[in-house]
Amino acid sequence: MAWKPGHYLLLALALYALVVSLGFSLRGRQLAALRQEVGVLRQQAAWGPGGYLLPLPGACLPTRPENLPGAPRPYRKGVSAGFVFIQGDACVPVVRGMGVVAAASGEVVKVEGDYREPSREAYQKLLEEVRNGASPEQMDLLRGLEVWIRHPDGRTSVYAHLQAPYRKLKVGQRVHRGDPIGYVGNTGLLGGAPRLLFEVWEGEPDRGRFLFQGLSGEELVRKAKAFFRLE
């Protein structure tokens with residue numbers, strides 16, 4: 001059959017339709033890839049360091065020297081590794097059951113949901129054992145009920161003396177900065193006023209350096225305010 005001008009026109013139209021279809025197909029795949037990339041970036045942003053905040057909403061840094069990192073703890077020949085938030089030195093009421101939040105996004109690596117307070121005899125024995133220094137295992141006991149969170153920057157934050165962990169909080173769970181992780185209590189103290197001990201470690205707690213170690217006075221406070229974006 002001889003080709004007529006109309007046949008060439010039909011062929012041109014068919015080729016054009018094929019090109020357009022291929023273009024839409026490629027564009028669709030590109031759009032899907034772009035959406036996937038955006039999703040990955042959003043996820044990275046969600047779990048990225050993003051800075052740290054104080055674990056009690058509305059709180060300020062403690063002002064009393066004994067409530068700051070590096071404060072002496074003569075009963076165990078050591079020093080405090082963190083901030084102690086207690087009634088009258090936190091700019092907010094510190095009461096039993098007050099919510100504690102994650103200082104930064106990360107992965108929960110410790111939740112002591114089955115914590116039991118030691119007896120008075122066991123506690124006194126522990127104090128005798130740590131008179132010349134406490135091991136990491138003994139520090140765990142002294143801090144009472146704890147939650148630990150490992151952050152993308154390699155640091156680990158510790159929340160101690162809690163009354164209880166937040167409901168359904170589990171090891172391996174990812175949390176965002178500001179998510180609830182527990183409640184203020186006084187565990188590990190054999191009584192006493194409710195408080196929150198908040199530590200940030202470079203790596204694993206009790207086996208490395210704690211945040212602001214070696215600093216004191218105005219320098220510590222200045223750097224802590226900058227770190228927690230309080231200025």
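Which element gives the largest share of the lining of the largest pocket? It's β11, with four residues. The close-ups below come from a predicted model.

**View 1. The largest pocket and what lines it.** Here we look at about 590 Å³ of space in the largest pocket. Its lining runs to 31 residues, and R73, Y75, R76, S80 and M139 sit closest to the centre. Sorted by class, the lining comes out as 15 nonpolar, eight polar and eight charged residues.

**View 2. Q138 in helix α3.** This one zooms in on Q138, a residue of helix α3. Is Q138 buried or exposed? Its relative accessible area is 16%, so Q138 falls under the 20% cut-off and counts as buried. Skipping neighbours within four places in sequence, Q138 is in contact with L126, E129, V130 and G133.

**View 3. The largest nonpolar core, with a second one on the side.** The largest nonpolar core holds 38 residues. Those with the most contacts inside this core are L56, F83, F85, Y159, I181, F212 and F228. At least two core residues come from each of β3, β5 (106-111), β6 (147-150), β10 (180-184), β11 and α4 (217-227). There is also a second, separate core of eight residues, with A81, V84, W148 and F210 among them.

View 4. If we ignore residues up to four places away in sequence, F228 touches Y52, L53, L54, L61, F83, F198, L211 and F212. F228 also belongs to a cluster linked by ring pairs, together with Y52, F83, Y159, F198, F212 and F227.

**View 5. A tilted pair, Y166 and Y183.** Searching the whole structure turns up nine aromatic pairs. One of them is Y166 with Y183, a tilted pair at 6.3 Å centre to centre and 35° between the planes. Y166 is in the loop between β8 (162-165) and β9 (174-175) while Y183 is in strand β10, so the pair ties together parts 17 residues apart in sequence.

**View 6. An edge-to-face pair, F212 and F227.** Why does this pair count as edge-to-face? The planes of the F212 and F227 rings stand at 90°, with the centres 5.9 Å apart, so the pair is edge-to-face; the cut-off for that label is an angle over 60 degrees. F212 sits in the loop between β11 and α4 and F227 in helix α4 itself, so parts 15 residues apart in sequence get tied together. F212 is buried at 10% relative accessibility, and F227 is buried at 19%.

**View 7. V94, in a loop and buried.** V94 is part of the loop between β3 and β4 (99-101). At 3% relative accessibility, V94 counts as buried. What does V94 contact, leaving aside neighbours within four places in sequence? The list is L56, F85, I86, Q87, V184, P194 and R195. Take R195: V94 and R195 are 101 residues apart along the chain, yet 6.6 Å separates their C-alpha atoms.

Conventions: Residues numbered from 1 in each chain as written. Predicted model: local features only at pLDDT ≥ 70, side-chain atom pairs only at ≥ 80, totals over all residues. Heavy atoms only, no water. 1 Å grid on protein atoms, 1.4 Å probe; cavity = no way out; pocket = protein on both sides within 12 Å on 5 of 7 lines; lining within 4 Å. Points joined across faces, edges and corners; volume = space filled by probe spheres on them. Nonpolar A, V, L, I, M, F, W, Y, C, P; charged D, E, K, R; others polar. Core = buried A, V, L, I, M, F, W, Y, C linked by side-chain atoms within 4.5 Å. Buried < 20%, exposed > 50% of the residue type's maximum accessible area, 1.4 Å probe, protein only. Contact = heavy atoms within 4.5 Å. Phe/Tyr/Trp six-rings, centres within 6.5 Å; stacked < 30°, edge-to-face > 60°.
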